[in-house]
Amino acid sequence: MAIAAIISEDGGRSCPASEVGRVTKTWVRLRPVVESDLAMFRRFVTEPGLAGAAWTGYHDPSGPARRFALDGYLGPDDGRLMVEADETAAGFVSWDATGSGLSRYWNIGIVLLPEWRGRGVGWRAQTLLCDHLFATSPAPRIEARTQPENIAEQKALEKVGFLSEGILRSAEFRDGTWRDVLVYGKLRGDR
């Protein structure tokens, strides 16, 4: 399974006619995790700051290999897909089931390597993930959470079609203190 799209280097924004010839294309696709991707996952759990605002502290570096051996990161309640930009692994998207029964929906996340941030790759990858989750599950909604200071992610979520739904106060312990979290939601019929 692979899901792909193409975006311009400027993230899909229009540009003046005089610059059309200078705009290059960046292919973005989602694909299953393969064993060679585990080195990147180990870096994300052992290198402070590499994951940006998603850094939650050190974790067992053998954890990614154990999870990969279990189900290839494609479980019934959660999973990961690699984000590729121009055939280079740029990071990953993830999803977790929230709720139960008919009230079950998805919470998604994304982590990109620093060199791929701010280039339009993230919002496109999240769009592909939402399309995939809505196409392959009956979930009525997808939720995403981010930090109030992560303006780039807030803009990316809005570009994907998420709406701001509110603030969870002191919902995340990060950098030695409890911090607020912004909640965004996208419904199946939203565009």
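Mentor: Let's start with a definition: a residue is buried under 20% relative accessible area, exposed over 50% and partly exposed in between, using a 1.4 Å probe and protein chains only. This is a predicted model: local features need pLDDT of at least 70, side-chain atom pairs count only at pLDDT 80 or more, and totals for chains, interfaces and linings use all residues. Residues are numbered from 1 along each chain as its sequence is written, and side-chain values use heavy atoms, with hydrogens and water left out.

Trainee: Is Phe92 buried or exposed, and at what relative accessible area?

Mentor: Let's begin with Phe44, which is buried with a relative accessible area of 8%. Phe92 is buried too. The relative accessible area of Phe92 is 6%.

Trainee: What kind of aromatic pair do Phe44 and Phe92 form?

Mentor: Rings of Phe, Tyr and Trp (its six-membered ring) pair if their centres lie within 6.5 Å; planes under 30 degrees apart are stacked, over 60 edge-to-face, and the rest tilted. The structure holds 4 aromatic pairs. In the pair of Phe44 and Phe92, the centres are 5.7 Å apart and the planes make an angle of 70°, a geometry called edge-to-face.

Trainee: How many residues apart are Phe44 and Phe92?

Mentor: Helices (H or I, at least four residues) and strands (E, at least two) are DSSP runs, numbered from the N terminus. Phe44 belongs to helix H1 (residues 38-46), and Phe92 to strand E4 (residues 88-98). The pair links distant parts of the chain, and the separation is 48 residues.

Trainee: Why is the pair of Phe173 and Trp178 given its class, and which class is it?

Mentor: Phe173 is exposed at 51% relative accessibility, and Trp178 is exposed at 53%. Their ring centres lie 5.2 Å apart with the planes at 65°, so the class is edge-to-face.

Trainee: Within what arc do the buried residues of H2 fall?

Mentor: In helix H2 (residues 63-71), the buried residues are Gly63, Pro64 and Arg67. The arc is that of the directions from the helix axis to the C-beta atoms. Seen down the axis of H2, the buried residues line one face, because they fall within an arc of 95°.

Trainee: Against which elements do the buried residues of H2 pack?

Mentor: The face turned away from the buried side carries the exposed residues Arg66 and Ala69. For packing, contact means heavy atoms within 4.5 Å. The buried residues of H2 pack against H1 and strand E3 (78-85).

Trainee: Which side chain makes a polar contact of 2.5 Å with the side chain of Glu84?

Mentor: Glu84 lies in strand E3 and counts as buried at 10% relative accessibility. A polar contact is a pair of N or O atoms within 3.5 Å; within protein, one must be able to donate a hydrogen and the other to accept it, and residues adjacent in sequence count only if both atoms are side-chain atoms. The contact at 2.5 Å is with the side chain of Arg31.

Trainee: Which residues does the face of H4 turned away from its buried side carry?

Mentor: In helix H4 (residues 151-160), Glu153, Gln154, Ala156, Leu157 and Val160 are buried. They sit on the same side of H4, because they cover an arc of only 165° around the axis. Strand E5 (105-112) and helix H3 (121-136) are among the elements covering them. The face turned away carries the exposed residues Ala152 and Lys155.

Trainee: What is the bridge partner of Ala97 in E5?

Mentor: Two strands pair if DSSP finds at least two bridges between them. E4 and E5 run antiparallel, joined by 8 bridges. They form a hairpin with 6 residues between them, where Gly99 in the turn has a positive phi of about 80°. The bridge partner of Ala97 is Trp106.
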